[in-house]
Amino acid sequence: NIFDHATSVFAEIIERMWKQGQHAAILNIGSSIPKSSFYQETQICLFYSWVLTDIGKVSEAEQLLHKAEENALKELNSSDIESEEYSNAKKQIGRIATAFARHYIHISQEYKIEPYCITAVKNLAKEDDFWLSWALFAEGSVALMKNDIFTAIQSFVKASAYAQKYNSLYL
C-alpha cells in the first residue's frame with residue numbers, strides 16, 4: 001500500500017522537519033495521507049498535532065494527541081522497565097504531555113493544563129531542553145492564571161533557562 005510506505009517515511013522524517021520549521025510541508029504531507037494510516041505512528045500524531053494546534057485545528061490536533069498518548073502508553077506498558085524502549089516511551093509521554101499542555105493553553109482550558117505539566121516534568125529527561133522549556137512555560141501560565149505570580153515567575157525563569165540551552169528564546 002502506497003500510504004503505508006508514505007506513512008513510514010513521514011514518521012522517520014517528521015521530527016527533523018518540525019525542528020527545521022517546515023510546518024507548511026508537514027501540513028501538506030499530513031493532509032495527503034489518510035489519518036487512519038498514521039494513527040499508529042506516535043511521532044506523526046505528536047508533531048502533526050503541534051502544527052495543527054498552531055493553525056487552529058484544535059479538535060483534529062486533540063484527537064491526534066490522544067492517539068499519540070494511547071500509543072506511548074501501550075509501548076510503556078509492554079516494555080521491560082530496564083529497557084531502552086521503556087525509557088523512550090517515558091520520554092514520548094513527557095513530550096506528548098507537553099504538547100497537550102501547550103494545546104490547552106492555546107484553547108484556554110486552564111484546568112486541563114496542570115496535570116499535563118506534572119506528567120511532562122516527571123517523564124522528560126533533563127537533556128530534553130526544548131520540551132522542558134515548554135512544559136515549564138505551561139506550568140508558569142497555569143500559575144499566572146491562578147494569580148500565583150511568585151510561582152509563575154519561578155516557572156518562567158526555569159523555562160527561559162532551558163530555552164537558552166536549546167537556543168530557543170521565542171517562548
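This is a predicted model: local features need pLDDT of at least 70, side-chain atom pairs count only at pLDDT 80 or more; totals for chains, interfaces and linings use all residues.
Reader: Which element gives the largest share of the largest nonpolar core?
Author: The largest nonpolar core has 48 residues, and Trp18, Ile26, Tyr48 and Trp131 have the most contacts inside it. Elements that give two or more residues to this core include H1, H4 and H9. The largest share, nine residues, comes from H8.

Reader: How many of the 13 residues of H4 are buried?
Author: The buried residues of H4 include Thr42, Tyr48, Ser49 and Thr53. They pack against H1, H2, H3, H5, H6 and H8. H4 is thus mostly covered, and the number buried is twelve.

Reader: What distance separates the end C-alpha atoms of H4?
Author: At 1.5 Å a residue, the 13 residues of H4 should span 18 Å. The distance in the model agrees with this, at 19 Å.

Reader: Is Ser49 buried or exposed?
Author: Ser49 lies in helix H4. Buried means under 20% relative accessible area. Because the relative accessibility of Ser49 is 1%, this residue counts as buried.

Reader: Which residue has the backbone oxygen that the side chain of Ser49 reaches?
Author: Leaving aside neighbours within four places in sequence, Ser49 is in contact with Ile44, Ala61, Leu64 and Leu65. The side chain of Ser49 also reaches a backbone oxygen at 2.7 Å, and that oxygen belongs to Leu46.

Reader: Which residue with positive phi follows H4?
Author: H4 covers residues 42-54. The phi in question is near 90°, and the residue is Gly56.

Notes:
Residues are numbered from 1 along each chain as its sequence is written. Side-chain values use heavy atoms; hydrogens and water are left out. A nonpolar core is a set of buried Ala, Val, Leu, Ile, Met, Phe, Trp, Tyr and Cys residues joined through side-chain atoms within 4.5 Å. Buried means under 20% relative accessible area, exposed over 50%, partly exposed in between (1.4 Å probe, protein chains only). Helices (H or I, at least four residues) and strands (E, at least two) are DSSP runs, numbered from the N terminus. The expected span of a helix is 1.5 Å times one less than its number of residues. Contact means heavy atoms within 4.5 Å. A polar contact is a pair of N or O atoms within 3.5 Å; within protein, one must be able to donate a hydrogen and the other to accept it, and residues adjacent in sequence count only if both atoms are side-chain atoms.
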